[in-house]
Amino acid sequence: MFDNEAGHLAGRTAATRALADLLRTARSGTPAVGVVRASQGMGKTALVESFLRRETTAGIRPSILRAAGAVWERRTDFGVIQQLLSGAPRGAAPGGAEPPAEPAPAEYPAVTAAPSVYGKMLLSTIDRCTAGDSAVLVLWIDDLQWADLPSLQALLYALRRVGQQSLLTLLATDLTVSELDEGAAGLLSFPAARTIRLGPLTPGDVQLMARHVPGSAGSELPLSAARILVEHTGGRPGLVQPLLEQYPATVWSTGQRVLPVPTELRAFVQARLAQLPPAAAALTEAAAVLGARSPLALAAELSGVSDAAAAVDAAAALGLLTLSPVGTETLLEFPLPAVRSAVYQNLGPGRQSTLHAAAARLPGIGAEKLRHRAASALLPDASLARELEAAATAHAASGAWGAAADAYADAARLNPQGLERESLLIMAVDAMVGAGQLPRAVSAVETIAPSPRGDAVRGYLAVLRGRPMQADALLRKAWNSVDPATDPGTAGQICQRQVLHALARFNGRDLVTWAVRARLTAPPNSPPAFEAQAIEGLGLGAMGRYAEAEASYEAADQPPEDSAPYQRIHMGRGWLRLAMDEVDEARTELASAVPTEFARGSHRITLWAQAWQARADVALGAWDGALRTVENAVALQEESGIELLSPLLHWTGAQIHALRGNRDAAAHHLERAAVAADSYPIMLLPYCLAQAQVAEIKADYDGVLRALLPVVRLERSNGIDEPGFWPWQDHYANALVMVGRIAEADAFLRPHERLAEQRQHRSTMARLASVRGRIQAAAGDFDAARSTFLGGLAHLEKLPMPYARARVMFVYGQSFRRAGKRREAAGMLIQARDLFSVLGAAAYTDRCERELRASGVSTDENRRLTATAPVTTEAAPLFDDLTEQEQAVASLVASGLTNKDAAAELYVSVKTVQYHLTRIYRKLHVSSRSELAAAYLERAPGPGPGK
């Protein structure tokens with residue numbers, strides 16, 4: 001059975017820690033008071049009891065005196081205090097001695113006694129029970145809101161007078177009770193009291209609880225399943241626990257519209273329904289068929305109830321329904337989705353079918369009509385299956401993948417033809433992936449028989465779950481088993497899966513090969529053809545064929561903006577432009593591939609777009625935006641179960657937090673990004689890069705080499721080493737130099753330098769130049785080193801990459817400082833420090849400061865160098881270098897407007913103003929609004945702001 005204590009405590013880690021703190025305080029000889037507050041059903045009683053049972057077995061056995069309030073006993077004076085005293089040992093018997101039989105009523109003072117009399121009795125009991133050196137007494141009172149007033153007064157009397165004793169008082173009360181009498185209010189506001197509030201369980205809490213279910217060792221309840229459980233039960237432990245115990249974890253990933261309920265809840269609801277008048281029962285059942293929330297008018301019409309008010313009152317009195325006005329409608333709502341499920345399941349299949357068929361005929365049912373018709377059909381129906389397929393196709397075309405998945409699944413269930421049924425189920429799996437329901441897709445694919453299409457979809461899921469060997473075997477088998485001439489649709493789909501498999505291996509040659517096959521094989525305008533068109537440019541880019549890659553996107557069909565192909569094309573083009581150093585354009589493309597409330601899209605493509613949008617923001621210096629994007633994308637990734645992209649997202653989080661000096665946060669991202677050495681390169685590369693960058697920030701160059709060793713061992717000739725895609729080479733070469741392996745670094749650099757020069761890839765030439773300059777400085781060839789460093793900075797001149805620029809400056813300054821070129825080094829380090837400071841890269845700002853101190857430059861000289869530091873570009877950027885939009889933003893902000901006011905003035909979003917400000921600060925070498933205003937007054941042409 002379920003480990004009750006471990007499960008309850010695992011799901012309430014913060015509350016358990018708070019209780020443990022209170023108990024430690026009591027054991028130290030200082031009385032402690034804890035108030036556990038929660039609404040009904042949140043498990044406050046079970047939590048405290050589980051905690052106390054665990055503590056009883058932890059070596060030191062506290063004495064526990066229990067009592068509980070009750071509505072029917074609230075007017076019984078001293079009832080609660082007598083419960084406490086009845087459990088107390090007579091005489092000195094601390095340390096968990098067995099309580100004696102309850103004293104006879106005659107032993108208690110008269111009920112007319114003053115509360116102080118009982119208070120003194122309680123004080124005497126506390127003295128006896130805490131007399132031993134390690135004795136601890138716990139007073140545990142549940143349902144405080146129903147306790148009688150004299151008992152609470154007596155307890156308050158005792159607590160105010162208790163000395164330095166090992167006493168813990170635990171009180172539990174219902175959050176929903178709005179009025180408390182003076183006794184309860186006095187206890188809750190007791191000066192030493194610590195309040196512990198229990199809200200609904202979170203998905204993370206449910207995952208922790210699930211680990212204590214028998215047979216769950218080594219497996220994890222998916223986050224998506226945990227979230228479904230929370231929504232289904234309202235996060236109530238008393239419902240979550242039996243569901244985890246009674247049903248396998250896979251149940252929560254099947255996409256059932258009506259989820260299981262605990263046996264106890266179903267029996268409870270069944271009994272309540274039996275108590276209802278016929279009209280109220282009919283209304284409740286009709287509401288369950290319509291959904292967790294439904295218009296009262298529809299439910300009344302479906303149930304045939306004429307007096308809806310009386311029926312609602314009866315159902316509400318038994319806690320089955322509530323009534324609430326929303327907008328122009330009055331809605332019926334079940335207190336929990338689980339209660340609705342219990343009512344629905346009580347109907348039985350025949351009654352369910354009848355009510356769904358009747359619901360489909362209601363004039364006000366609208367878009368739900370087809371769903372009700374499908375739910376009413378218990379046998380195959382070819383005509384209805386075709387209608388559902390058409391609806392699913394329309395949903396998929398608009399990016400409404402969840403609705404498409406449901407409609408395809410219903411169509412598959414109702415289609416009488418086996419082959420067509422399998423085809424529809426495969427389309428349903430595709431839609432489930434698009435909707436971010438990978439666990440549901442994995443569950444659905446188990447029913448698909450082995451076939452080329454079946455193997456292809458299994459291979460597709462293996463790719464998304466990050467399992468390259470399994471994916472390769474399945475996709476090879478599928479391709480070898482299909483005849484493209486007779487089944488071009490299946491062949492095209494297999495090619496599409498192979499395109500994704502090649503992308504995950506980052507093999508440009510294979511990607512282009514399969515993309516061309518997909519275009520030639522798949523029917524025109526089919527999803528495989530569109531996908532191949534959207535991704536082929538990336539493969540060409542990975543082969544260094546940038547002109548062809550651009551041309552492929554220019555030639556691509558331009559689908560509607562709210563369509564799935566539109567999202568795919570813009571994601572692919574944005575990624576390509578990021579690799580080509582067109583960072584601004586890349587960010588725009590990638591942002592347009594992220595769905596909004598107005599434009600829907602595939603979760604898989606959204607994650608790709610967000611991952612690379614975050615990398616674009618890293619390059620641009622917009623690190624706050626990058627972290628927000630990562631936070632949102634990680635939540636989506638964990639919910640969807642698409643493991644392939646997890647390291648790519650956490651790479652950005654680890655790098656930025658490390659640069660900002662947030663080591664714990666960086667370590668957290670590294671831990672979540674971790675993958676095995678035989679993972680897909682698209683997973684291994686960002687994980688290794690994240691490790692290497694974090695190590696480099698800490699000046700752990702041996703750590704850099706260890707982190708990048710798996711990359712060195714990869715087959716990299718088909719795209720991984722193509723300039724612009726995976727910037728690992730300079731980190732590795734720099735680490736070789738720093739550990740003294742200079743000849744090895746020189747040999748490693750040369751082919752990469754030739755390739756970058758051949759491609760004229762500016763940021764890569766700059767990054768590699770920083771290492772070449774370090775090698776030359778170490779050899780004493782300062783003229784060559786200076787020329788190399790300045791050449792690297794020149795490559796970055798027209799690129800919006802402030803962090804890349806700061807890194808080159810830092811290496812330049814550090815190399816010359818260590819070679820004894822103090823003044824030149826200091827000037828460059830000062831520029832690097834200031835740019836790092838603007839970016840918020842505290843770790844490198846500190847390293848620049850250390851290098852400056854080591855250079856021996858005095859504070860006065862530092863200031864003088866700061867004021868006269870040479871600009872390493874041809875000319876200082878002026879306002880003429882700003883775009884028209886940037887000039888408008890600069891003028892308004894310099895005049896004193898807030899970002900919000902500037903956004904309103906320009907009819908843009910606040911986020912757009914923030915984005916432009918980041919670029920303006922970089923171009924003008926300023927780091928604050930006041931510096932921007934000063935620069936504007938000094939250098940802007942014409943009148944100053946506000947003139």
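1. Buried means under 20% relative accessible area, exposed over 50%, and partly exposed in between, with a 1.4 Å probe and protein chains only. Cys848 has a relative accessible area of 0%, so Cys848 is buried. Cys129 is buried because its relative accessibility is 0%.

2. A word on the ground rules: this is a predicted model, where local features need pLDDT of at least 70 and side-chain atom pairs count only at pLDDT 80 or more, while totals for chains, interfaces and linings use all residues. Residues are numbered from 1 along each chain as its sequence is written, and side-chain values use heavy atoms, with hydrogens and water left out.

3. How many disulfides are there? With a pair of cysteine sulfur atoms within 2.5 Å as the rule, the count is zero.

4. Searching the whole structure gives 22 aromatic pairs (rings of Phe, Tyr and Trp, the last by its six-membered ring, with centres within 6.5 Å; planes under 30 degrees apart are stacked, over 60 edge-to-face, the rest tilted). Phe78 and Tyr118 are stacked, because their ring centres are 4.2 Å apart and their planes at 20°. Both Phe78 and Tyr118 are buried.

5. Tyr247 and Trp252 make an edge-to-face pair, since their centres are 6.4 Å apart and their planes at 75°. Tyr247 is partly exposed at 26% relative accessibility, whereas Trp252 is buried at 2%.

6. One aromatic cluster is formed by Phe506, Trp575, Trp608, Trp612, Trp651, Phe725 and Trp726.

7. Finally, charges over rings (NZ of Lys or CZ of Arg within 6 Å of the ring centre and within 35 degrees of the ring normal). Arg161 sits over the face of Tyr157, 3.7 Å from the ring centre, and Arg340 over that of Tyr344, at 5.3 Å.
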